[in-house]
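Okay, thanks for coming, everyone.

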Amino acid sequence: MSTTETERVEKAISGAPMGPAGKPARPSRAAAIVPRATVAGRALVAVVAIMTFLASLTIGTALAVRATAATWRADVKREVTIQIRAGEKAATDAQVQAAVDLAKGTAGIAGVHVLTPEETSRLLEPWLGAGLDLADLPVPRVIVLRLDGTGRADLPRLKRTLSDRIPTATLDDHRNWSERLALMAQGVTVTGIGLLALVALATILTVVFATRAAVATNRSVVEVLHFVGARDGFIAAQFQRHFLRIGAEGGLIGGLSACAIFLAVAFLPRSGLLPAGEDQTAFLGWLDPGPLGFAGIGLAVVTVALATALTSRVTVYRTLRTIQ
Amino acid sequence: MASVVRFENVGLRYGMGPEVLKDVSFGIEPNSFQFLTGPSGAGKTTLMRLMFLSLKPTRGLITLFGRDVSSLDPDEVAVLRRRIGIVFQDFRLLDHLTTYENVALPLRVLGKEETSYRAEVTELLQWVGLGDRMDVLPPVLSGGEKQRAAIARALIGRPEFLLADEPTGNVDPTLARRLLRLFIELNKSGTSVLIATHDIALMDQFDARRLVIADGRLYVYD
């Protein structure tokens, strides 16, 4: 407006000039258009945190199981065993030697080790107890073959040769174990994906209801924004900003809590809190999500924050259509 | 120049109820000044809601700045509303924003930086006598101050059409006269003005066109 117009309006209002308009220092940061207190706050942060925590545990556990199963499979596939049925000692020893010679002459086999009676005894200890004298029992002799990992070993041929030359010998390539482990890993992965889908659905539904409630609570604000010419996109962005903050906060709490659990499990054996012993130090040692698992948890946090914001945006748009 | 608003045989009913507006036809021209009056409950506010696109008519044609409002999408409605300033009977100030922020709201929704409109808003608040109440929240403003804040908010976007619903309903006669003078000055600067009121004394202070609504029908006295 021009100065003349200013003076005219000024005079119209007050009947007398008011002097030069002052420009007081004002905070540059404007208050939120949607009052923060009316957006479902702490409760929703808690819900998002719990959901992210569950999702992160699922991701971490599934990846840990998968990685551990893969390691176990690799270990199992790196070794094969030849068993010689027990018989007369001299004959059995000859058969063992013949099997060792055959194995050593096979390409792709890096090492051959015949289990000593003490080693065999240790293997049987969980079932038969300690202090066992194997001399009285028809315990088969076990020869462990370590593969060189190049895949050159022709195990079917070795198996045929063994059964042709040493009828009491059998070759076990641990295929059954390997297949079971693969099946278990797949099952855990599928279950994890299913659980993640449920957690995601629950999170989205929670955010939808919270957003609807927030829009309903702020209906008067939305109406005023409409009447002063705000586009739906502008109004949706006001709500989206709040929900992004809520999603990020809840996601971080949930994700960091899950990371803390995994790290605690990883450091528990070193903490000295567990009783000493080989089995105890391996307590939950398999539950290590690895870098990929922690990256997955980070991705879950980001996804939850963005999904929370996006869900609120879509919900606000839909709600606005009903209050044009 | 196209009419600011044009109604042709507009009718409105709520749900399955009787028609509250019947065959309403009139136009509001650029730079015009008019009062809308009638008994309480006659439909003044309803007619104004139709004018700022808060309601859709059951029948008839409404054009706003030459556009048929029935064919507008939400974004086009928002753009048209920016050309209209509205002063609500109940002010509709946002209680969690200061007077300054309430008045600046129409500029803020346009995505403007606060630094670009700070001086303008401050100046307008000085004009309406709220220079020392800028940082106050609406709940502590008096009725008259709220009224002036609502008027300032309606004016900050330099509207082509100003709609004021009972703008003097909450103020004393002296302030009512001042506000009327403000609206007259705005009209002189090129804004079309429509003031809904049932205050005969106020209307008698200024010779202007009168739209009288009664029994759902509109009568125009030029």
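**Strands and helices**

So, let's start in chain B, with helix α1, residues 44–51: this helix lies across β3, β6, β7, β8, β9 and β10 of chain B, and runs at about 155 degrees to β7(B), which is residues 161–165. Keep in mind that this is a predicted model.

Now the sheet under discussion. It's an open one with 6 strands, and the order in chain B goes β6-β7-β8-β3-β9-β10, with mixed pairing. The edges are β6 (84–87) and β10 (217–221) of chain B, each pairing on one side only. From one strand to the next, the twist averages 15 degrees.

If you want one pair to click on, take β3(B), residues 33–37, and β8(B), residues 192–196: they run parallel, joined by 4 bridges. Gln34(B) sits opposite Leu194(B) there.

Next, β1(B), residues 5–13. Its pairing with β2(B), residues 19–28, is antiparallel over 6 bridges, and Arg6(B) stands opposite Gly27(B). These two strands make a hairpin with 5 residues between them, and in the turn Gly15(B) has a positive phi of about 60 degrees. β1(B) also runs antiparallel to β4(B), residues 59–64, with 5 bridges; Val5(B) has Leu64(B) as its bridge partner.

Over to chain A. How do the axes of α2(A) and α6(A) cross? At roughly 170 degrees, coming within 9 Å, for residues 42–78 and 175–217. Angles over 145 count as roughly antiparallel, so that's what α2(A) and α6(A) are to each other. Their contact residues divide into 22 nonpolar, 6 polar and 3 charged.

Terms used:
Residues numbered from 1 in each chain as written. Chains lettered and ligands numbered in written order. Predicted model: local features only at pLDDT ≥ 70, side-chain atom pairs only at ≥ 80, totals over all residues. Heavy atoms only, no water. Axes fitted to C-alpha atoms, helices over the stretch in contact; angles between N-to-C directions. Parallel < 35°, antiparallel > 145°, perpendicular 65-115°, else oblique. Nonpolar A, V, L, I, M, F, W, Y, C, P; charged D, E, K, R; others polar. Pairing = 2+ DSSP bridges. Contact = heavy atoms within 4.5 Å.
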